[in-house]
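Please find below my note on the model.

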Amino acid sequence: MVANPIKVLLIENNRVEALLVKQWLSGKAEPAFELETVDRLAAGLDRLARGGIDIVLSDLNLPDSRGLETFATIHRGAPQVPVVLLTSQNDEALAVQAVEGGAQDYLIKNRVNGNAVNRIIRYALARHKGQAERLSQVQRNKTARIIGFLSGKGGTGTTTVAVNVGAALAKQQKVVVCAELRPAIGTLAFQLRQKPAADLQSLWALPADRIDERALNALVCKGPGELRLLFGPQEVDDFKPIEPAQAEAVIRGLAGTADYLLLDLPCQPSAATQAAVRLCNFIALVTDREPSSVLACRTMLELMRGWGVGGSLVGAVIVNRTASMAPMKMPELQAQLGSMVVGVIPPAADACLRAQESGSPLVLSQPNNVASASFVELASRLVADVVVAVKF
């Protein structure tokens, strides 16, 4: 029985190179390749929208798009289709960034031959299928609602928001795990005045298939109230990039033990963060009302859209860190972000400092504070079946 051909869409405006790719893929290997060629990104997106394409080969530089934006646009338009990039040697650094952002692989045109292209396409398809199966397995097995918290830049209060939302949910007799899924030290232990005896660092030496509920339960600490905590690395020597498969394994294992899993994610983009946000039911993007923070937040939103995460799965949480600053007006802020706002936290600098000194989140140590009420409201909004925007 003859296997169905692999349907390849080539986006390439150089006719000579397009003919070369056609020649490379015209061999007799099974399954065979069925090639369609377009010379503009817009035409490629139109073809992808009609379905039936198994994999995309695309030049990074096209008449209507250049550089990383080419890949980002393809990935936004068809996140379920794997992409292999065609590039020159001068653009190899950009191609590496694209792979970190979700591309399956890249080919440097003057370094490959037909056998290499054939092999890379088949490996890319197999790798993409494996990733999809792992994601499907996670979705089938998880019981927790997974909420990610991150920001476009540091210092906006992401950890404070995550831990207070977690404490508010734990007060409702729910099992809540707040995990600091960061490659380097965060502020969770400092805020809660804890010195964890174990943290995620001990997992990074393990292959992903050995990171399971048993290994994770040994690292989860009891926090304030009924909140459960998993800390990121605590020592400089322990800082190490997280592999995407390891991040997925941590999330899968924790999700099987809780009603709600809250992920405190780093603001630095990485393949691990990409893997994490794709598994979240919702992403709370934290920003204050200072213009540079809003710009960084918008950049993060655009990046996540390139990862295939956006729309109703993402909402902004506005933190008023001090009462004295001249904040952006809310209509302007919303227009700049292009995202719904799901929570607004009023100024509470002194109260947050007292909470930190006590080692207990604001919603537990000062439940009558107006900011505590805002965190409780935000928590209720984030765990709703459909997250809706705040009405101003």
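The points that follow go from the whole chain to the individual sheets.

1. Basis. This is a predicted model, in which local features need pLDDT of at least 70 and side-chain atom pairs count only at pLDDT 80 or more, while totals for chains, interfaces and linings use all residues. Residues are numbered from 1 along each chain as its sequence is written, and side-chain values use heavy atoms, with hydrogens and water left out.

2. Overall dimensions. Along the principal axes, the C-alpha atoms fill a box of roughly 70 × 50 × 40 Å.

3. Burial and surface. Of the 392 residues, 51% count as buried (under 20% relative accessible area, 1.4 Å probe, protein chains only). The accessible surface comes to about 18,000 Å², with 52% of it belonging to carbon and sulfur atoms (Shrake-Rupley method, 1.4 Å probe).

4. Secondary structure. The protein chain has 15 helices and 13 strands (DSSP runs numbered from the N terminus: H or I of at least four residues for helices, E of at least two for strands).

5. The five-stranded sheet. The order is β2-β1-β3-β4-β5, in an open sheet with parallel pairing (two strands pair if DSSP finds at least two bridges between them). β2 (33-38) and β5 (105-108) stand at the edges with a single partner strand each, so one side of each lacks a neighbour in the sheet. From one strand to the next, the twist averages 20 degrees (axes are lines fitted to C-alpha atoms, for helices over the stretch in contact; angles run from 0 to 180 degrees between N-to-C directions). β3 (residues 55-59) and β4 (residues 83-87) run parallel and are joined by four bridges; L57 stands opposite V84 in β4.

6. Helices on this sheet. Helix α2 (residues 41-49) touches β1 (6-11), β2 and β3, and its direction makes about 155 degrees with that of β1 (contact means heavy atoms within 4.5 Å). Helix α3 (residues 68-77) also packs on the sheet, touching β1, β3 and β4, at about 160 degrees to the direction of β3.

7. The eight-stranded sheet. This open sheet has mixed pairing and the order β8-β9-β7-β10-β6-β11-β12-β13. Its edges are β8 (221-222) and β13 (341-345), each with a single partner strand, so one side of each is left without a neighbour. β6 (residues 145-151) pairs with β11 (residues 282-288) in the parallel sense over five bridges, and I283 in β11 is the bridge partner of G148.

Definitions and conventions. Buried means under 20% relative accessible area, exposed over 50%, partly exposed in between (1.4 Å probe, protein chains only).
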